[in-house]
Amino acid sequence: MLNIKNIHAQVGDNKILKGLNLEIKPGEVHAIMGPNGAGKSTLGNVLAGMEKVEVTQGSVDFLGKDLLDLEIEQRAAEGIFLAFQYPVEIPGVNNMYFLRAALNAQRKYRGEKEMNSSEFLKLVRTKIKQMNMRDDLLRRPVNEGFSGGEKKRNEIFQMSILEPKLAILDETDSGLDIDALKIVADGVNQLRDDNRSFIVITHYQRLLDYIVPDYVHVLADGKIVRSGDKSLAIELEKTGYGWLED
Amino acid sequence: MSEQIETSEQENAEVHKRIEQTYKDGFVTDIESDTFPPGLNEEVIRAISAKKQEPQWLLEWRLKAYAKWLTMEQPNWAKLKIPPIDFNAISYYSSPKSNENAPETIDDVDPKLLETYAKLGVPLHEQEILAGVKTRKTPVAVDVVFDSVSVTTTFKKELRKAGVIFCSFSEAVIDYPDLVKQYLGKVVPIGDNYFSALNAAVFSDGSFVYIPKNTRCPMELSTYFRINEMNTGQFERTLIIADDGAEVSYLEGCTAPMRDENQLHAAVVELFILNDAKIKYSTVQNWYPGDEEGKGGIFNFVTKRAACNGNNAKVSWTQVETGSAITWKYPSCILRGDNSRGEFYSVALTNNYQQADTGTKMIHLGKNTKSTIISKGISAGKSHNTYRGLVRISKRAEGARNHTQCDSLLIGKNCGAHTFPYIECGNSTAQLEHEATTSKISEDQLFYCKQRGISEEDATSMIVDGFCKEVFKELPMEFAVEAKALLDISLEGAVG
């Protein structure tokens, strides 16, 4: 579903991705690990279309479409979801209202019927139960005054409503205690199916105990330098990234 | 071939839609008017007074104001660039000819005028309004002012049954001279400022409201101001009196056609709130703002002041200011009665070359008086938006309290937001709080919204709406919806 070929990307003059290749098939979970500054978050931002990241070379095919040719919101409607490392606050805008606007914008793009408020409420009620989240989060402004854990859970909740085809989780585990981590992982696992794929960006093997990946890749200096299965993550936990310098 | 024509027609429709969206109330009503030739002198003032068949005392009051105005100079302390105004190039009176015989009922009103208000979405047919009540809307009584005259006032009879007087200012002068005489110019004296003096000299109409003791006005009252004629100014006066224990909610709306020339609107609003009374005064100001290059638009120089003369009196100003080329406006509260309360909630949005210098004055005179100021300024395009506010605690205002919050939101890189809060505190028991923030719609916020599928334009409107929420919730429900729609339209082109 996703085919990244030889991507080079930079922010300003700072070259970050230097020839990255990655292929993901439907239903697969790929974990991306690697030292700080390797370009892990930039990969997510390239796929989502962040404007300040400039792609200078390479191509990305997503379900037969040239992803780099699409606007940010078009990519979202095509099924790309980015769970932010630092979810953004939008003061005064009710979380439910925001999410319904997002869902309906995507549905409209895809030529589907927009959801009215009662249909949406029903959907939200089901999902919030599944995600094991408190429903007062819905009535509060988007991420405003949320704790770090609440913000991350809100991202997963949004994902469950928007039902993307490819979800990129950018360090969703950072700053979570073990209980919150389990809730987040549980939310992700419920959404796993044969057609939906995930890119899980993380520093820690711990998350991968709960979200078991099909592949683990090590990203260093803008390229994928090693790929393997889950055992690679366990190995990295022991060895660190020192070996990269050899 | 036919297909091609269809497309171009469609395109045309699209273009028209865009233009209308930018300022949807910019049409001109083609109507025959009785308009004074431009110019300002004593003769013009006498002529206005004669048209209105005013008593001698009012004519003298006008002439006194004119004499005062001649000695004054246009203020220039505001952060506004005001091109010179030629007061002799303005016509000070214009009335649709068909209005001359003072229509008694709605059926006597010129259909062209009715059509104008239908187009503006202002309901005038009482029967239709009442029929609408069952389905959704609460009835609102409306006084409609077209150029210099009040065209009609709805629900007058129903209101009269409750003892409420709601009529045009001109009628009030004839029918309730004692009330007018008792209150006119008592909180905005004729010499208060340059534009209030001008207004006192040449004002032509406006609304008058009196709510008797212990009466809650049975419906919302509103006035809809429309400038239509070219080269005219609109100078209206509104006077609202809430007697002991009375309560009223009043709303005003304003629009004008799109023209290349600037037009002047200099109004005066006086509110009197007696013991335990309440007035809630809301404004949705959408005068023509000028075009994208800053050509044309209304100069909106308005003096609004409320006197809380009674104990436990309460006044609340809520304004949504999206229109006008230049806005100069400071709805104020004189908190004379003990325990009286003043509130000011404002959203001012400027785009393109618009300029706004607006805020409030809270004058605390009574004991335990309380005031709240919440101001939200949004600047886009090349516009400048200024909050200017004064909180004055007098020596004897024991236990006075004020909370001020003014927030500015910038959209784009070429606009400006300015804040001038003045505080004068003469009593050590006062508690004053001031919060101010300036923020930009951040790229992070836009990226986040867009990543969820929301377009940049919708995201901006959502963020702005969230920013204004505290003020919108003060507006009557239906107007809150209208205000939000107005902000979206006014922001058109501000993004991207």
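Colleague: Which residues have the most contacts inside the largest nonpolar core?

Modeller: In this predicted model, they are A:Leu2 and A:Ile199, within a core of 105 residues. Helix α11 (residues 456-472) of chain B gives the largest share of this core, eight residues. Another core, of 58 residues, lies apart from it and includes B:Val44 and B:Tyr330.

Colleague: With which residues is A:Leu2 in contact, leaving aside its neighbours within four places in sequence?

Modeller: Among them are A:Leu22, A:Ile24, A:Val60, A:Phe62 and A:Ile199.

Colleague: Why is B:Glu321 called buried?

Modeller: The cut-off for buried is under 20% relative accessible area. B:Glu321 has 2% relative accessibility, and therefore it counts as buried. This residue belongs to strand β14 (residues 314-321) of chain B.

Colleague: What makes the pair of B:Glu321 and B:Gln285 a polar contact?

Modeller: The limit for such a pair of N or O atoms is 3.5 Å. The two side chains make their contact at 2.6 Å, so the distance falls within that limit.

Colleague: Why are β4 and β5 of chain A said to pair?

Modeller: At least two bridges are required for pairing. Strand β4 (residues 53-62) and β5 of chain A have two bridges, in the antiparallel sense, and therefore they pair. A:Phe62 has A:Lys65, in β5, as its bridge partner.

Colleague: What makes β2 and β5 of chain A edge strands?

Modeller: In the open sheet, the order is β2-β1-β4-β5. Strands β2 (14-24) and β5 (65-66) each pair on one side only.

Notes
Residues numbered from 1 in each chain as written. Chains lettered and ligands numbered in written order. Predicted model: local features only at pLDDT ≥ 70, side-chain atom pairs only at ≥ 80, totals over all residues. Heavy atoms only, no water. Core = buried A, V, L, I, M, F, W, Y, C linked by side-chain atoms within 4.5 Å. Buried < 20%, exposed > 50% of the residue type's maximum accessible area, 1.4 Å probe, protein only. Helix = DSSP H or I, 4+ residues; strand = E, 2+ residues; numbered from the N terminus. Contact = heavy atoms within 4.5 Å. Polar contact = N/O pair within 3.5 Å; in protein donor to acceptor, adjacent residues only side chain to side chain.
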